[in-house]
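Please examine the sequence and the model shown below. The paragraphs that follow lead through selected parts of the structure in turn.

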Amino acid sequence: MSKEKIQICPEFYDIMPPEYRDLVEQATFGKEDRGWKDIGQSKELIEEHSLCAGCPESMAFRYILASLPNPEDTVMVGSTGCTSLVFPHVAVHNIHSLFGNQNAIASGLKRALSVRFPGKIKDVVVLAGDGATVDIGLDMTLQAWFRRDKFTTICFDNELYANTGGQESGLMQKGFVAKMAPVGKQFEKVSLPEIARESGCVYVVHCTVSKPNLVEKIVKNAVLLAREVGPTYLQLYTPCILEIGKDSMEGLQEMRDSERPGERFRYKEYVTEEAKKYLAEIEAQKKEVSAITA
Ligand SMILES: Cc1ncc(C[n+]2csc(CCOP(=O)(O)OP(=O)(O)O)c2C)c(N)n1
Ligand code: SF4
Ligand SMILES: [Mg+2]
C-alpha cells in the first residue's frame, strides 16, 4: 500500500538522481515495526541533509523519521532554524511554518485532516528548535496544549539560536556565553517539560539523543498517544557542536555527560494515568500478536 503513494513518475525515472530512486525503492514505508535499526539497510526517509557534518540534530532527525509509526500518513510541521534545512530532503509530507507559528499551524492542520479524511489515521508531528518552541513560539506552543490538540511537539533543544549564529534562548543554561550573547545567560534554563505537564500534555519526555533505541521508543509512544489520548511533548538535547566547538564524537560525549544523574539533561518523563493505561494496552496487543505469529 505505502509505496503506491510515493512513486517516481515513469517518464522521469531515468533522470532522477540515484539517491532519490534508492530512497523511493528502499524506504521503509509500510514496514511493520520499522525503527532506527533500519537506518543503514534502507533509506529512513531522508535523502541527505545540509546541516553541519556530525550535527546531533541530523542523527536525531533520522531516528525520528525511522520511528514514525505511520510515515505515509504523517504530516510534519517544521519551523525556521537548522532543522528547516533538512525538511526539503525528507520524504514525509511536511509544512514549513513561519518561525514560531508551528503549533498553531499543526492545530489547524489536525482539524483539517480529520474533516478531509474522516475515520482515517493521520498523525501530525511538530519538529522545531528551542527558539521556535519556547521563545518566539511559546504562545502558540502553550495554546495548542491548552486546547488539548492531539499532536506531538518535538523540540530540538540546542540551548540557543544556532541557525542565526548563536543568540540566547530561554532554554540556554545559566552562565553560558554564546557567540552572539557575550554577556552570558542571567537566569536558569526554563523548565518546559514541567510547563508542558501543567499545560495538559499527557506524555512528556526530556532526554538527549545519545541512545537511538530510547529515541525510537519515546517517538512511537508520543505519536501513538497523541493519536488517541492528548498532546505529547518531547524535548531532546541536540547540542550545537559548531557553537561549542566539538566534533561529532565529542558531541555524543557531551550528550552522555549531560544526561548523568543530577545533570541538566537527565532523563525525565511525565505520563498521565490515562496515557499509562493506553501504553499498557498497546504492549498487551503486541504480545498477543507475537504469541500468535510465534
Ligand atoms: C519571524 C522570524 N523571526 C526571526 C527569524 C530569524 N531566525 C531564523 S532561525 C532563528 C533561530 C532559530 O533558533 P531555534 O529555533 O533554536 O533553532 P536552531 O537553529 O537552534 O536549530 C531566528 C531567530 C525568522 N526567520 N523569522
Ligand atoms: S549550526 Fe549547530 S545546530 Fe545548526 S547544523 Fe550546525 S552544528 Fe547543527
Ligand atoms: Mg536552537
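Predicted model: local features only at pLDDT ≥ 70, side-chain atom pairs only at ≥ 80, totals over all residues.

**Strand pairing and surroundings**

G129 stands opposite F156 in strand 4. Strand 3 and strand 4 are joined by 5 bridges and pair in the parallel sense. Strand 4 also pairs with strand 6, which spans residues 232–237; the two run parallel and are linked by 6 bridges. Within this second pairing, I154 has L234 of strand 6 as its bridge partner.

How many of the residues of strand 4 are buried? The count is 6 of the 6 residues in the run 152–157, so strand 4 is largely enclosed by the rest of the structure. In a regular strand, side chains alternate between the two faces of the sheet. In strand 4, T152, I154 and F156 point one way, whereas T153, C155 and D157 point the other way, and all of them are buried.

The discussion now turns to the ligands. Ligand 1 is surrounded by 18 residues, the closest being G81, G129, G131, A162 and N163. Strand 3 (123–129) and helix 5 (130–136) each supply at least two residues of this shell, and helix 5 provides the largest share, with 3 residues. By class, the shell around ligand 1 holds 8 nonpolar, 9 polar and 1 charged residues.

Around ligand 2 lie L51, C52, C55, E57, C82, N158, A162, N163, C240, I241, L242 and E243. Helix 9, residues 241–244, gives the most to the shell around ligand 2, namely 3 residues. The composition of that shell is 8 nonpolar, 2 polar and 2 charged residues.

A further topic is the packing of two helices. Helix 4 (residues 102–116) and helix 6 (residues 138–146) pack at an angle of about 35 degrees, and their axes are 7 Å apart. On the side of helix 4, the residues involved are Q102, N103, A104, A106 and S107, which meet M140, T141 and A144 in helix 6. The contact comprises 4 nonpolar, 4 polar and no charged residues.

Why does M140 count as buried? The reason is that M140 has 22 C-beta neighbours inside 10 Å, while the threshold for a buried residue is 20 or more. Beyond its neighbours within four places in sequence, M140 is in contact with G100, N101, Q102, N103 and A104. K122, by comparison, is 18 residues from M140 in sequence and 21 Å from it in space, C-alpha to C-alpha.

Note on methods: Residues numbered from 1 in each chain as written. Chains lettered and ligands numbered in written order. Near = placed C-beta within 6 Å. Helix = DSSP H or I, 4+ residues; strand = E, 2+ residues; numbered from the N terminus. Nonpolar A, V, L, I, M, F, W, Y, C, P; charged D, E, K, R; others polar. Axes fitted to C-alpha atoms, helices over the stretch in contact; angles between N-to-C directions. Contact = placed C-beta atoms within 7 Å. Buried ≥ 20, exposed ≤ 12 C-beta atoms within 10 Å, placed from the backbone. Pairing = 2+ DSSP bridges.
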